[in-house]
Amino acid sequence: MRIPFHLKSALVAILLCVCILPARPAQAADIKYKRSVERYNVPDVVLINQDGKKVRLQSLLNSDVPVIVDFIYGTCTTICPVLSAGYVNLQRKLDADSKKVRLISITIDPENDSPKVMKEYLKRFRAKPGWDFLTGSRADIDTVMRAFNAYIPDKMSHYPLNLIRMPKGGSWVRLFGLMSTKEFMNEYLLATAK
Amino acid sequence: MKDLIRNKFKHFFRVNFGHALLTVMIPLLFSTFGHAESVPPNDLSHAEIMRLGERMYREGILPSGKVMETFIRGDVAVDSSAFSCSSCHLRAGLGSFEGGVVTPPTTGNKLYKPYRRPPSFGDVADRAGRHRRTKTAVERPPYTRETLATALRFGTDPTGQVFNDVMPRYPLTDRDMSILISYLEALSSEPSPGASSKQFKFATIITDDVSQEDRQALLLPLQTFIAQKNQQMGMFNDFIKFGYSPTIDMQFAFRSATLDIWELKGPPESWPGQLAAYYNANPVFAVLGGISNSDWRPIHEFCEAQRLPCLFPITDFPVVSETDWYTYYFNKGYTQEGEAVARYLNRLETISTETPVLQIIQDSQVGKALAAGFRKVWKECEQQEVTTLTLSSQQLLDQAALDKLLTKHKPEVLILWTDAELLPNLPALVAKLPANGIVFVSSGYLGKKTATIPENVRDRVYITYPYRLTPYVGSKVGGFDAKVPILASSKDFGNRRITSRSIAMLQQTTLQGLNLIYDNLYRDHLLDIMSMQMDVTVRDYERFSFGPGQRYVSKGCYIIQLGPGLDPPLLQRSNWVMY
């Protein structure tokens, strides 16, 4: 039987409504970042924090609370402020419990990010205690980036990455992409639960 | 089947109801009830609207003086004290590409025209029609003031496409929105003077305290650069004559260029008047290089006032500022050497807060600049002020008086910001120090004679060295930076490297800015482009690094010692960059 054209069109329209339209928003609302669980060997390097104090990275990361690491720089224009806003909001959400997480930002511009620059950056974001910004020699910073499979030869080609160290077992959740506060909080809670 | 369809629709509305409300209903409500943004506020002068708008754009401060509150990535609250519109769209408003994110232009000139992004390889559109990686729309119709207000409030363009999550959503009042939009309309609306589709006009600045030899060392690379640009323009014109049609981008890569030489004579107080006369007679797009043995400040301030880019002058006395915008420097000159000593001492484990430090400054511009750098960083390191004496060059030659001072202050660390006249007396000074006592000097101030520091005290003397130590291997075959490792040696002391630094400035940084400017002939845009370039390795410094607002591209300075001999090896005692 030959199907009239207008019926064909109607069928196609219905199929589109059923198959495509619901799928689009459902997928759009999906998680937009990539998540994986990794193990990393943290290199034994000494870095400098925003107060100019030397810190041994291994000791800082080997914590019994979740540790979150990102790679940013002080004069960054686009994704670093977004990552840092994520840190700020996590600290705000945790409020009195903000000591239950250790936030670490490691510079990818060690030439420019002196303790003074890093301190001013944290002040600009109204960071609470528990968020440290680290710099160091370029060689040490490169070593750290390589250890976390996050090496970039130049800061201008960086990408949004958060790494959460789970206190039990010491494995890392690798989160590639920008997260909402809710998503970030959920990832933190997951790390705490395990 | 019926149930399936019903469930699908139920799911659709459940998931999207809130979103739909936000993206459709609220903009509609605003468009119904709020039209104030469609006209600029009539109770403010144009100048006041521009001032308030610029403050919103650059600093994220509302006309009320409060910070702009915003949301990114849906629910990430942030205020504009952390970052503002110009952080991503940059000062000229032409946007940026950084961290895998394309930030499109936000000037009225661009926004009120339809936009179509040129196609590129691997340009796979996602469901919203944007490039998968860079997330920019392929095309959109022109904005109006109303649709622009909707875009800023809700993150949707005139076709309803949703912006990348990194673009904040600004819940501004109609009045504040109107001020910001008026500013965007005026931003980069008129091309800067000194540039046209066919030509760039440049100047260089030379003061009358510069030797003929140094003058030629500067002019040689500059005039070669201008000749090369004009030769390329000639070749391009020949192609056109033979019927070649340039692509859109190609035509912007070829422009002729001119170079005026602005000679400044007499006392520095008279320089601003001379500069104004040169500028008014023939405005230029940018100042390329330049050279002076005096303080660069009068020229720096003139360029700030005229909003005139001044690219990498040869000066040991740059203005050290964290906010000034228009002059790019190689480094902070003598100030940077002083800073390096403070950083090195701060990390030296053999000294403590009790260690007596004596700083002797020769009463000169150089001595003061070195001491200023030391003092600034020493204070940042929260160290106690050191004992400081400023002596004339005659007093510095009075050995008996110096002995008395050392006996009185008993320093373990002696910082000598003096010229090379003092060097023959250095062993006598070192002999007055305790066995673990050390001395710091500046290779910039000692110049060529740094290599003559007496051998018997070389193990006690630490020297600032703001140039490359590791072998530099050029990237080209032949030419000045052929692939031959160039090693630093004591012969480099006192060499101002005028030609090689100017070549690096032109070929490795400025050219990139000029090539990428296309038809956006705005001085601020040139500086924006240059600030967003990748780091480069150059002959004279270990690294040039860039970033928005960064204006001193070489950030390092070594502390070295001399090995034995008449042509002593340079012994590295610190990292290039120290904290």
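Reader: What makes β7 (residues 161-165) and β8 (residues 172-176) of chain A a pair of strands?

Author: In this predicted model, five bridges join β7 of chain A to β8 of chain A, and the two run antiparallel. One of the residues concerned is A:Leu161, whose bridge partner in β8(A) is A:Phe176.

Reader: Why are the buried residues of α5(A) said to line one face of the helix?

Author: The buried residues of helix α5 (residues 115-124) of chain A are A:Val117, A:Met118, A:Tyr121 and A:Leu122. Seen down the axis of α5(A), these residues fall within an arc of 135°, and therefore they line one face. What covers the buried residues of α5(A) includes β5 and β6 of chain A, and α5(A) is followed by A:Arg126, whose phi is positive, near 55°.

Reader: Why is B:Ser188 called buried?

Author: A residue counts as buried if 20 or more other C-beta atoms lie within 10 Å of its own, and B:Ser188 has 23 such atoms within 10 Å, so B:Ser188 is buried. B:Ser188 lies in the loop between α6 (174-186) and β7 (199-207) of chain B, and has a positive phi of about 50° although it is not a glycine. Most residues other than glycine have a negative phi.

Reader: And what makes B:Phe312 count as buried?

Author: B:Phe312 has 22 C-beta neighbours inside 10 Å, and because the cut-off is 20 or more, B:Phe312 counts as buried. B:Phe312 lies in the loop between β10 (310-311) and β11 (327-328) of chain B, and here too the residue is not a glycine although its phi is positive, at about 55°.

Reader: Which residues touch the most other members of the largest nonpolar core?

Author: Of the 164 residues in that core, B:Ala286, B:Val287 and B:Ile415 touch the most other members, while α4(A) gives the most to this core, with eight residues. Leaving aside residues up to four places away in sequence, B:Ile415 touches B:Val341, B:Val357, B:Gln359, B:Ile360, B:Phe374 and B:Phe440.

Reader: How many residues does each chain bring to the contact, and what makes up the side of chain B?

Author: The contact takes 42 residues from chain B and 40 residues from chain A. The largest share of the side of chain B that touches chain A comes from α1(B), with six residues. By class, this side of chain B has 18 nonpolar, 14 polar and ten charged residues.

Key: Residues are numbered from 1 along each chain as its sequence is written. Chains are lettered from A and ligands numbered from 1 in the order in which they are written. This is a predicted model: local features need pLDDT of at least 70, side-chain atom pairs count only at pLDDT 80 or more; totals for chains, interfaces and linings use all residues. Two residues are in contact if their C-beta atoms, placed from the backbone, lie within 7 Å. Helices (H or I, at least four residues) and strands (E, at least two) are DSSP runs, numbered from the N terminus. Ala, Val, Leu, Ile, Met, Phe, Trp, Tyr, Cys and Pro count as nonpolar, Asp, Glu, Lys and Arg as charged, and the others, Gly among them, as polar. Two strands pair if DSSP finds at least two bridges between them. A residue is buried if 20 or more other C-beta atoms lie within 10 Å of its own, exposed if 12 or fewer, and partly exposed in between; C-beta atoms are placed from the backbone. The arc is that of the directions from the helix axis to the C-beta atoms. A nonpolar core is a set of buried Ala, Val, Leu, Ile, Met, Phe, Trp, Tyr and Cys residues joined through C-beta atoms within 7 Å.
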